[in-house]
Each structure stands twice: as structure tokens, then as C-alpha cells.
Amino acid sequence: MQRISKKILLVFASLKLTIFTLLGIGVTLFTGMFWDQTQDSEILLKNTSSLIVRKIFFWLELGDVYHSWWFSIFIILLSINLIACSIVRLPKLFFDCYYPIRKLDNVKSNYKTQLLIPKVKLPIFNKTEEYWTENNYHYIFFQKQNYARCGVYIVHTALLLIMFGSICTNYFGFNGVMMIPEGGYEQAVFVKGSKGVVYKHNLNLFVFCSKFKLKTYQDGSPMSYESKLSIYDKKNSTTPLIVKTIGVNNPLKYQEFTFYQTFYKIISGEKKLNFITSSNTNQSSKKFKTRLGGTINNVTVVNYYKNYGGLGEAVQLQQKNKKFIIFKNFPNYDRRVRRGELQIIFTGLDEIYITGITVAKVPGISVVFSGFCILFLGIYITFCMNQRRYYAKIISTESNSYRLYISCSSSRYPEAFGQEVSDIVKQHNSI
Amino acid sequence: MILSNSIILYSIASAFYISALILAIFNLIASKKSQIVKKITTTIIGFGFIIQTIGLTVRWIESGYIEVATYEQTMQKLSGIEYWKVFTQHPPWSNLFEIMVYMSWGIIFTALVCEIKWRVEFLNIFSLILTLMVLGIAATNNKEIKPLVPALKSWWLMIHVISASVAYAAGTVGAITSLLFLLKTQNKKLFKQTCSNAMWFSGVIFILLGRGIDLFVTQIYSPNGENSPGAGVSLIVCITLCLISCIKTTKLTYLSALFSLFVFILLIIVNGNANIWHLAMFSILFLGLFFIGLFWLFPEKLNSIIPEENRLEHITYSNILTAFILVAVVLVTGALWAHNAWGRYWGWDPKETGALVIWITYALYLHTRTAYGWTGEKSAIIAIFAFFVMLAGFLGVNLGWFADGLHSYGQS
């Protein structure tokens, strides 16, 4: 029984499995890139009527490859592989790090040499080297960056952490879209769940967008856009819990939710028209904002023209069955031509925007980010450090000279290490 | 006019690269190799590199002025730290033209480092050809500096793109040295194998680019919606020959495939309706196949010039390792940026996924090497394969192979 379990463990720890899963994951990722994974399956299948293709498509969940059952199997296999590999190899490695073989006679190493020299200069390798005598032989042992070989396992731990964090995010978090019209509020988030089903998630918070500001370049492309958000816990509450103006790359955090400015839309058909009115009797003027069909001082706004008879933007108004037109480009037109009691100037229109906000709850984020830090630590230890061990043995010969045996080993970069060792040997040979 | 300064500098740098390439090729062909000419070549490349670096800086300054000007048109006057914040927010790698120029800079940088550190012949030639090709493709794009879109206004842009450029350049150089390694191993059977592998890969890529089945049915190659007469047929011949080479590669199939590919490239250039990306990919493939073919046809002659296997192997390993580490940086910085901007650190965006595939491929290279001891030929093949994965992952979105993603604002 024990033998079988050991065999299974070895299978899961084997490198063949690693290569297999890495290849599998690579190929899956690559195929998934060919079609839009966020698209609804039915839209992807609209040209296919074959029943078998549809069945295979749905069975393999090809509409969302990255969340399919078989991709999960690959990920689980990789995790098991990483864990099993550590279980099999780490104890040996730790044992070797804690209790290294210190005696030259017992080690296998890459570099071996012996010198016959008249005088031995101590230290051979470094001041901190160990020195002891046994059976009239003198032994020396020294090591550098002893734990460098554990770096690989640190990288693997980091990968496991990242995977664990992303599983937490997948199961306990959500990422949805909230659309708030300027001056309105919203409490529901639309979240795309598994198999492309969109559902409504209630936040139990009222998010109010008091202002949306869009700045554009001269050619009309957006320069920046921001929304001023206030969050209330009750609909009629007067004091907001938090107020912040958010922009792209500048989110708002409240409780476990984060609000990101992601997009905006213009509400088609709904525009705010700006007017300035002044009466003949007194000089004071007033600013008005209204929608189509609204009234200002008994004057109804009937129509809006983008270009009226080649004269630019214009608005048709109605006062007691009498219709008339005013132009944006000619502000004095109404005063000079109609000569009514009330002069109206049309100053242009504001589009009404809907601000698109991504609301995310990412519970595993700290795990993932610590995974990133550990990943780089691990990469640094693995590739920039090198476990090096130096052994020496000194035997005094009868002819008043010494025989010095040197033996060294390194876990990485043998060429550079060979150079280092030959320098040491030269140093002792020249004495 | 200040706007064109950086482009003039890029052109001067290209002129330097072209002259260095000519010198390097002459030195290669010459029966007596001159060390002085070699040094001069390296110096010329160095000068070109410095000029290109100055060009990048000038471009940054130009973009800075444009950013400040557009900001001040709509907003208030800037001063102090705010001014510098707006001035420096637009690095010279924010659209496709700039990215291509920057990538070519990365390739030259990596090649120069390898040249100074390890003194490898040939590497120069390959990297210069690639650089010139990249610069050439870049020149067909829109060179205008446009103010940044809101999503790119972040300091993550700097580190994210810098590491991507150097990572992919290192991967490219690693692929070149492993190609040289494969050619160096004086094994005729292996030459043949390499050729058939290369043709096999090429066949797959042709099919991907030419939208294979459509092509075979209609015999029309029309990536831009226009038919190039004859191009479709020559591409079909080429694909067929490549696929035949899966079973048996002979000099005849090889040469005729090469010839039909050449005819195809000529035809799409003459017809003038080539998709520039396809043209670039086909040219890279053609050059690669051409070089491999040269070694197959004249093994002894060219073999004496290539550096020793150990050195090539070492350079490949160092480059791929650098690429591996830097792709990790790209992935992590991308994740952090995405978390900050879109609320999720990973969204399976095609380019994101592409970078992950590249990372996994490099991880495969490292794992097979350390654990199986797959040094030499096998690891060289993986490194070359990784180059194609890199091309697909990095340019695939722009080539239109994959679904559009969030990175497509890189397009001009």
C-alpha cells in the first residue's frame, strides 16, 4: 500500500507531468485567443447549424475556454504537481542545507585539484571558513549563499499563492458594470456570471453621480473623463458616506468595493438646452436649462435643429400658438427681429451622459499581490544567487612540504564558478 | 519644424545600420577576415544606437510639448511639478509606429550587449536585418504624435513597455543564436531535420496568415479585400511543398518552396495591395528559410565562421533567462496596472494571454533544460519555437489573428 501511494506521489511530482500540463495550458491559452471569450456562445454559434458541433462546443465550453472544466483540470494538475514536487524534493534539500557534508573525502564535486606547495597560507577560501583536524589531516569547509537552491520552490510557492488568490477572486468576488446617468443614482450592478449569464447584483448602497465631466481634445477624442460620486446608505439620506471624483486610473474605494471609471455614453435623444432670457422692462438676465418640451416663462421648446437652413444650430419655440426660431450663432436675432417682451438667447446644448463604472470586489487581491512579491524574490534567489561550496584538505608530507587538495561545487553557472576556482588555485600555487 | 526632428534622427540611425550591415556582410564574404573592419562595424552600430536613443529622447520631448499644448488649450496654464507631470507623461512608445521603433531599439541594444560581452559574429547581421525590417514596417504607419488616450495616462506605461521591449528583444536574440547553434552542429541529418521543421512551422504560419482553407478553395489571397493575381496560386504551391516536407524534405522541394515564396512576395509587392503585416511575416520566414537553406547547401564553408557551440548555447541561455524574467515583470506590472485602471488584475485579454503563453514557453525551455538536461539541439529548437510564439503573442492582435482586445489602441 505504501509503495503504491509513493508511486502515485512520484507520478504527480514527475517532470513529465509538468511538461504535459504546461504544454496543455499553453495550447489552451493559445486557442482561446482566437475568438472573443467574453462574447455570448449563441452569437459565436450563429453560423453553425450542425447539432454535433454545437454539442461539442457546449460540452467543451468553448465559448469561455478559460473557465471551462477541462482548463480547470489542467490548473489543478499543475497545482498538485507543484505541491507534490515540493513534498518529494524539499526535505532532502533542507537536510542538505542544514547538514552539509563537510569532509572533502565524502563529496562529489565538479572541480578537483591537488597542489604540492612548500607553505600553506590560511585562510584558504575565506576568513569565516571552518577548520578542523582529524587523524593528522586538516580539513577546511566553506559555503556561500547556502539557501540559493530553495529559490525554485519560492517561485513555485508564489505561483500557488497567485493561483489560490485568483480562485478566491473567482468564487467570492465579482466584477460588474454600473451605469449611472448624470444627476441620477443606481444601486444595481450587472455581473456576467458563468456561461455568459448576466445577473443583477444589489449593492445595498446608493451611488449618486452628481457631475460628469468630459474633456476632449480639439479633434473631439476624449482627453479625460471624471465622475463625481457620492455613496449613500439610504435613498433619502442627506449625508453621504463618501464623496470622490473618480477618473481613469483613479478609482474610489469603499468597504470591500472599488469603483472604477471605465467608459461613458451619451443618452441619445435626451439633451439639455441652455437659454438666457432677459425682459425689456428690466435689464436682469437669467440662465435656464431645459429639455425638449420644457417651458421657460410660458415659452415651450418645440424642436431642435442641428443646422437650420445653413445657419447653424437653432431651436424652435412656441408662445401661445405662435411658433418662432432662434439661432445659436446670432444671439441678437430674437431682440431685433421678433421684438417680443421677452428676449431669448440660445447658447447651445449639453449632452446628457451616462457614466459607466466598473464595480469590483476582489477578495484575493492581497494574496495575489504578495504572490507577485514572493515571485520576484524567488526569481532573484534562483537566478542571481548561486550555492557554492568549497572543500580543502591539507596533508603534511615528509619532505617539509604540504599537499593541498581543493574541491569545489556550485549549483549554477559552472563557467563563471570555474574561473573563480582557478583564481583561488593560482593564488595558492604562487606562494 | 520641431515635429520631424525625431523622424530625421531615426532615418540617420537607419542609414548607419544599413552601412554597418553592408560592411558586416562584406567582411563575412571576404576570404580574409579583418578584425579592424569588425570593430568599425560595431562602432557604426554603436553610433546608430546612440542616434536612435537621442531620437527617442527628442520624440519624448516633442510629445511632451504636444501634451502641454493640448492641455493648456482646454485647461489652465501649468507650472512647476504639474508641468513636468504632463510634459513627461507621454513616452515614445504609445502607438504602433513608436512601439516598432522602440522594439528595433531593443533588438540593437541586446545585440550590442551580446556583441560586447561575447563577441559573436553573425549575430550582428541577423539583428541588423530584423531591426531594419522592423523600422521599415514602422515607417508605413502613421507617424503623427497624438495626445494620449486617458487609459494610457499612467506611470505603469513606462515600466510595462520598457520591460516588454527588452524581453522580446532578448527572446529574439536568443532565437537567432539558437538558429546559429543548430547550423553549427555539423550534422547533415540535423540540417535536413531543421529544414523540414522550419518548413513545417512555416506551413502552419502560411495557413494562419493566408487563412488556409479559404485560400485553397478560392485560390485568392486577399488580406486587404483585393485580389493579387497569381499570388494565391504561388502561396498554395509554397504551402503544399512545405506540407510535403513533413514527410520528406529534399533539396528540390526546399528550393522550389523557397522560390515560390519569393515569387509570392514579389507579386504582392508588385500588386501593391499587400497587408504590411503579412508582408513582414512572410519576409521574416523567407529570410529564415533562405539562411537555413544556405547552410544546407554549403555546410562546410559557412560552418567555419560561426562561433563555437558552447558560447552560442551560453548566450542563448542568458538571453532566454533575461526574457523569462522580464516577461514576468511585464505580466506583473500589467496586472497591477489593470487592477488600478479596470478593477481586475487578469481579464483574459488576447494580448495578456499571449504574454502568459510566451512566459510558459520560456518556462518550458528552462524546465526541460535543468530537469531533463535538454541542452544543445533540443533546447535550441524550443528557443526558436518560442520566437514564433512570441511573434504570435506580441503581434497576433495587431495582425488580426485573434479577437480584438483592450490592447488594440496600440494600433495607429
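**Chain B and its interface with chain A**

Author: The model shown here is a predicted one.

The secondary structure of chain B consists of 15 helices and zero strands. Of its 412 residues, 59% count as buried. Among the contacts in chain B with a separation of 6 or more, 81% are made by residues 24 or more positions apart. Chain B exposes about 16,900 Å², and 69% of this area is supplied by carbon and sulfur atoms.

At the interface, 50 residues of chain B are in contact with 50 residues of chain A. About 4,300 Å² is buried between the two chains, with carbon and sulfur atoms giving 74% of that area. On the side of chain B, the residues that lose the most area to chain A are Pro150(B), Tyr345(B) and Trp348(B), which together account for 16% of what that side buries.

As for specific pairings across this interface, the rule finds zero salt bridges, while three residue pairs are found in polar contact, both residues being at pLDDT 80 or more. The elements of chain B that give two or more residues to the side touching chain A are helix H2 (35-74), helix H13 (309-342) and helix H14 (350-372). H13(B) provides the largest share of that side, namely 15 residues.

Technical notes. Residues are numbered from 1 along each chain as its sequence is written. Chains are lettered from A and ligands numbered from 1 in the order in which they are written. This is a predicted model: local features need pLDDT of at least 70, side-chain atom pairs count only at pLDDT 80 or more; totals for chains, interfaces and linings use all residues. Side-chain values use heavy atoms; hydrogens and water are left out. Helices (H or I, at least four residues) and strands (E, at least two) are DSSP runs, numbered from the N terminus. Buried means under 20% relative accessible area, exposed over 50%, partly exposed in between (1.4 Å probe, protein chains only). Contact means heavy atoms within 4.5 Å. Accessible areas come from the Shrake-Rupley method with a 1.4 Å probe; for residues, only the protein chains shown count as cover. Buried area is the accessible area (1.4 Å probe) that two parts lose on being put together, summed over both. A salt bridge is a side-chain nitrogen of Lys or Arg within 4 Å of a carboxyl oxygen of Asp or Glu. A polar contact is a pair of N or O atoms within 3.5 Å; within protein, one must be able to donate a hydrogen and the other to accept it, and residues adjacent in sequence count only if both atoms are side-chain atoms.
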